[in-house]
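Hi,

Here is the structure we talked about, with its sequence. Have a look at it first, and then read my notes below.

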Amino acid sequence: MSSMAKEAAPVDARSKVLVVDDEVFIAEALTSGLRHAGFDAQAAFDGRSAIDTVQQWAPDLLLLDVMLPDMSGYDVCRELVMSGHDAGVIFLSARGEVSDKVRGFSVGADDYVPKPFSLEEVIARVRAVLARRSRTAAAGQPRTATMRYADVALDDDRHLVLRGDRALDLSPTEYSLLRFFLQNPERVLSKEQILDHVWRYDFNGDTGVVETFVSLLRKKLHAAGPPLVHTVRGFGYVLREGVGR
């Protein structure tokens with residue numbers, strides 16, 4: 001697969017990226033490509049080395065293979081989250097089933113790239129994830145300190161989401177997705193529109209990542225109250241109270 005960034009995402013060229021893959025050729029090719037693109041990149045070849053490097057080097061993002069010789073990439077991601085590290089994570093995997101992607105997102109990943117992939121696509125996704133995670137990257141849209149719809153409130157200043165009096169624990173991508181819905185309440189949004197505004201790079205028509213993240217966001221929102229995010233069959237999704245309105 002091959003995708004190019006639709007626009008240069010506003011990321012710091014000195015952003016640090018750790019590549020974790022036990023296939024040395026892949027790890028070194030990605031590291032070299034990232035350095036050529038202006039990133040500060042290092043490689044690790046197993047899970048424990050990756051965790052040690054994160055603790056010592058504090059990268060901004062990990063490109064993390066799922067199948068490592070000593071522990072799975074899922075376990076690496078889970079351990080980093082539990083340890084309080086806030087690096088972004090993009091999984092790289094030969095396993096591209098929806099269930100694999102959902103598992104990756106559920107442990108805190110920002111994106112999931114099936115193998116084989118192109119270097120251009122990976123760099124585009126790295127830029128997009130770093131831009132989404134940056135609190136100063138407003139994606140060219142005006143920021144509003146607090147946005148509300150029904151009983152949902154999103155506070156940009158505190159990076160906090162409430163449903164009623166219950167705080168929701170959202171990943172950076174889920175937060176950006178909810179923010180886009182809140183900017184467009186009761187408006188039907190196509191999957192392509194969501195890709196353009198939340199991910200900001202081209203999937204060559206593959207909108208499966210939108211379906212996955214909408215499903216994850218729905219579960220968290222709807223666990224705290226009545227359904228708000230609805231599917232409009234054949235068109236996309238809409239944030240609204242009630243059904244069929």
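In the hairpin of β10 and β11, Gly234 takes a positive phi near 85°, and there are 3 residues between the two strands. Please keep in mind that this is a predicted model. Strand β10 covers residues 229-232 and strand β11 covers residues 236-239; they pair in the antiparallel sense, over 4 bridges. If you want a place to begin looking, find Val229, which stands opposite Leu239 in β11.

Next, the aromatic rings. How many aromatic pairs are there? The count comes to 2.

Start with Tyr74 and Phe91. Their ring centres are 5.2 Å apart and their planes are at 70°, so this pair is edge-to-face; the angle has to be over 60 degrees for that label. Tyr74 belongs to helix α3 (residues 73-82) and Phe91 to strand β4 (residues 88-93), so the pair ties together parts that are 17 residues apart in sequence.

Phe91 also pairs with Tyr112. Here the centres are 6.1 Å apart and the planes are at 55°, so the pair is tilted. Tyr112 sits in strand β5 (residues 111-114), and with Phe91 in strand β4 the pair links distant parts of the chain, 21 residues apart.

Put together, Tyr74, Phe91 and Tyr112 form one aromatic cluster.

Enjoy exploring!

Best wishes

Terms used. Residues are numbered from 1 along each chain as its sequence is written. This is a predicted model: local features need pLDDT of at least 70, side-chain atom pairs count only at pLDDT 80 or more; totals for chains, interfaces and linings use all residues. Side-chain values use heavy atoms; hydrogens and water are left out. Two strands pair if DSSP finds at least two bridges between them. Rings of Phe, Tyr and Trp (its six-membered ring) pair if their centres lie within 6.5 Å; planes under 30 degrees apart count as stacked, over 60 as edge-to-face and the rest as tilted.
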